[in-house]
Structure formats: structure tokens, C-alpha cells
Amino acid sequence: SYRLATSSANDGTEKDRGCYSFCMCPGGQIVPASTSSNQTVVNGMSFSRRDSIYANSALVVTVDSSDSVLLPFSHHGVLSGMKFQDHVESSARALAGSPHTVPVQRCTDFLKGVSSSGDFESSYRLNKEWRDLHTLYPPEIIESLREGLRQFERKIPGYVCDEAILHGVETRTSSPLRVPRGEDCLVE
């Protein structure tokens, strides 16, 4: 599978975060993946022919268990990552305004921190509304996404363009819960 990555997407502080594309779907479609009516979550998929005019992939920023973005959720202990994930999904739903509506923003506008407008096409078949995705995440995550996008554009000119529409949010790329294991028997 295709993956575009950088390990040095600075978040505006001293921390470099990983930022990468995830699960590139040629001929893909963006589909709803929410498990609750108070969440907005999307995922990408391709049909076997991969013959859609669209391609999609997620943009992922790493968050580890000692991350400052988890501090507001630290009272949840080992579940702080899951609570952060739930917060982002619920915030995306609030930003979208109604169930199965996805907040979207042009990639170029996300980088500039301005609102999007005008007509656009997308593989997401349900409701889509222009929203300011640059307000959805903590500033450290937004800056890492922006820096990652700038680095991707340097590697693949044209990656960032007005036709690239960001859809929020795909938060379920990996488990937000880490289970440390002992070296001798792989259990704690």
C-alpha cells in the first residue's frame, strides 16, 4: 500500500510528530464509520475494480501516551487516549451539525486557516458541509497536519490543491489503548 510519511512535522512547540497518509484507496470512496449518533467518523474503502474517479487516504498525526494533548483527559488514566478520540469524534459531530453529515474543508484553506466555499465533488455520498476543520483539533495537531501537508507538497507537487477536500474525522487507524507486555512471556 502507498504511504507518504514524515517523522518531523513540527507542531509549533519543540516536539516533532509523525504525520503520514494512511490506507490510500485508489478508486476509493469515503464512507460513514460512526458507531454512535453523537459522533462523526469516516473511513475510506475501494471497490474491487478501483474504478471510481476518486482516491482517498487518511492523514494521521501520532499521539503517544505522554502527549500534552492528552493532559485534559489525564484523569481517565490509561483510557485518556480513548477519551481524546471520543472528544474529537463528538466535536466533529457538533461541527458538522447533524448525523451522517461530514465537515469538509479545502486542503488549501486548511493550510491558510480560512473558511472554504463554493462547489465541490466528493466520494462521500451523504451530507457534506463546509466547516473550519482547522478549529477541530488542538493547535499542536493542526500545526503537525499543516507541516506534514507542506512536506508532502514538496515531495509530490500538486498534492495540496483546491480539489483536495479534507473530510473530518478518521480517528480509528489504531487502538488508543496501549497494553505493555513483559519480554519473557508477552504478558504484563
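This is a predicted model: local features need pLDDT of at least 70, side-chain atom pairs count only at pLDDT 80 or more; totals for chains, interfaces and linings use all residues.

Trainee: How should I read the pair of Arg 146 and Glu 143 in helix H3?

Mentor: Their spacing is again three residues, about one turn of the helix. The side chains form a salt bridge at 3.1 Å, N to O. Arg 146 is buried, at 12% relative accessible area, whereas Glu 143 is partly exposed, at 27%.

Trainee: What span does helix H3 reach from its first C-alpha to its last?

Mentor: A helix may be checked by setting its span against the expected one. Helix H3 covers residues 139–155, which is 17 residues, and reaches 24 Å, close to the 24 Å expected at 1.5 Å a residue. Its buried residues include Ile 141, Ile 142, Leu 145, Leu 149 and Phe 152.

Trainee: Which residues have the most contacts inside the largest nonpolar core?

Mentor: The general idea comes before the case. In soluble globular proteins, nonpolar side chains tend to be buried together. Here the largest nonpolar core has 20 residues, and Phe 84, Phe 110 and Leu 145 have the most contacts inside it. Helices H1, H2 (107–112) and H3 each supply at least two residues of this core. Its largest share, five residues, comes from H3.

Trainee: How many helices and strands does the protein chain have?

Mentor: The chain has three helices and eight strands. Read from the N terminus, the elements run β-β-β-β-β-α-β-α-β-α-β. Of its 188 residues, 39% count as buried.

Trainee: Which salt bridge links distant parts of the chain?

Mentor: For such a pair, one reads both the separation in sequence and the elements involved. A search of the whole structure finds five salt bridges. One of them joins Arg 172 to Glu 89, with the closest N and O atoms 3.0 Å apart. Arg 172 is in the segment after strand S8 (165–167) and Glu 89 is in helix H1, 83 residues apart. Glu 89 counts as buried because its relative accessibility is 2%, whereas Arg 172, at 34%, counts as partly exposed.

Trainee: What does the side chain of Ser 91 reach?

Mentor: Ser 91 is also found in helix H1. Its side chain reaches the backbone oxygen of His 87 at 2.8 Å. The C-alpha atoms of Ser 91 and Gly 168 are separated by 10.0 Å, although these residues are 77 apart along the chain.

Trainee: Which peptide bond is cis?

Mentor: Here the angle to read is omega. The bond from Gly 168 to Val 169 is cis, with omega near -5 degrees. Val 169 is in the segment after S8.

Trainee: Where are Arg 50 and His 100 found, and what are their phi values?

Mentor: Arg 50 lies in the loop between strands S4 (42–46) and S5, and its phi is near 50 degrees, a positive value in a residue other than glycine. His 100, in the loop between H1 and strand S6 (102–106), has a positive phi near 65 degrees and is likewise not glycine. Arg 50 is partly exposed, at 49% relative accessible area, and His 100 is partly exposed, at 47%.

Trainee: Is Asp 67 buried or exposed?

Mentor: Asp 67 is in the loop between strand S5 (55–61) and H1. It is buried, with a relative accessible area of 3%. Its side chain reaches the backbone nitrogen of Val 69 at 3.0 Å.

Trainee: Which residues form a nonpolar patch on the surface?

Mentor: Val 78, Leu 79 and Met 82 form it, with about 270 Å² of accessible area together. Met 82 lies in helix H1 (residues 80–96) and, at 38% relative accessibility, counts as partly exposed.

Terms used:
Residues are numbered from 1 along each chain as its sequence is written. Side-chain values use heavy atoms; hydrogens and water are left out. Patches are made of residues with over 30% relative accessible area and no salt bridge: like charges are joined within 9 Å, nonpolar side chains (Val, Leu, Ile, Met, Phe, Trp, Tyr) within 5 Å. Accessible areas come from the Shrake-Rupley method with a 1.4 Å probe; for residues, only the protein chains shown count as cover. A salt bridge is a side-chain nitrogen of Lys or Arg within 4 Å of a carboxyl oxygen of Asp or Glu. Helices (H or I, at least four residues) and strands (E, at least two) are DSSP runs, numbered from the N terminus. Buried means under 20% relative accessible area, exposed over 50%, partly exposed in between (1.4 Å probe, protein chains only). The expected span of a helix is 1.5 Å times one less than its number of residues. A polar contact is a pair of N or O atoms within 3.5 Å; within protein, one must be able to donate a hydrogen and the other to accept it, and residues adjacent in sequence count only if both atoms are side-chain atoms. A nonpolar core is a set of buried Ala, Val, Leu, Ile, Met, Phe, Trp, Tyr and Cys residues joined through side-chain atoms within 4.5 Å.
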